[in-house]
Amino acid sequence: MLWPNKIDAHSHLSFLQSEQVDKLIDNSETLFIQGGYDLEDFKAQLKIKNKYPDRIQISGGLHPWTFKEKSVEQIEQEWIDLKSLIAQNMCFVGETGFDKSVPVPKDVQYKYFCEHLELAKKLDRPLVCHIYGHHDLALKALKDLSGPWRGIIHGFSGSPELAKDYIIMGFLISVGPGVLKPNYKNLVKSLQTIEVEKLVVESDQPTEPGSPYLSGMLDQVSAKIAEIKGVSPEEVLQNSNKNLEGLLL
Ligand SMILES: [Zn+2]
């Protein structure tokens, strides 16, 4: 298959109105890899996939943010339904992981992270990980459940050591709009050490339900990474495409 000339490692087209999706697809040549949010979100992704099968790679998962909106019983039922839909459709598994900013017990986040890992292993699918804080727990689960793992650590902003830990586990490091913020010093240090073979670029647009789609983000992020690494933006994007092609379904 001939892929579009850009691959966005992480976005959420399902957070947009269908007319906005049509416009975005018509006006770009990008292949959009998705992050999953919850069951309803996965169904929305399936609709987009039906309409534009070559322009989107979907992902099913329970994002750590959804746990704050649902009861334990709701989460469990939703996961059972989602698991069967994931098995029936070629898709990534995730977003899954940890978020220290949500008021959800760590053990709940840990339990569902492990569930996602086990499902990805069983189905041999790539993972989309959202890990903001609690990296010790994420790495413990990845070690205890022993991979091999493949997929992306989306929105990475950690230290060079942390990047290395995830790369050793089999992951690609995905960098998004965080790199444009002036205070992400750890990320700058990491980018200086991460090899282009392990680095991918994401727009993370729209970042959350209800937020706008900021166009041109993939180019802006690539340009900033290029500046930090002393290479050209095209080289960053081309390597990212190549690395992501290895994960496509
Ligand atoms: Zn996301």
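Strands β2 (residues 30-34) and β3 (residues 56-57) pair in the parallel sense over two bridges; two strands count as paired if DSSP finds at least two bridges between them. Helices (H or I, at least four residues) and strands (E, at least two) are DSSP runs, numbered from the N terminus. Within this pairing, I33 has Q57 of β3 as its bridge partner. To get from β2 to β3, the chain passes through helix α2 (residues 39-51), and this β-α-β crossover is right-handed: with the strands pointing away from the viewer, the path from the first strand over the helix to the second runs clockwise.

A word on the model: it is predicted, so local features need pLDDT of at least 70 and side-chain atom pairs count only at pLDDT 80 or more, while totals for chains, interfaces and linings use all residues. Residues are numbered from 1 along each chain as its sequence is written.

Strand β2 also pairs with β1 (residues 6-11), where I7 stands opposite L31. Together with helix α1 (residues 18-26), β1 and β2 make a right-handed β-α-β unit. Because four of its five residues are buried, β2 is largely enclosed by the rest of the structure. Buried means 20 or more other C-beta atoms within 10 Å of a residue's own, with C-beta atoms placed from the backbone.

Further along, there is an open sheet of six strands in the order β4-β5-β6-β7-β8-β9, with parallel pairing. Its edge strands, β4 (59-60) and β9 (199-201), each pair on one side only. In β9, V200 is the bridge partner of S174.

| Strand pair | Bridges |
|---|---|
| β1 and β2 | four bridges |
| β2 and β3 | two bridges |
| β8 and β9 | three bridges |

How values were computed:
Buried ≥ 20, exposed ≤ 12 C-beta atoms within 10 Å, placed from the backbone.
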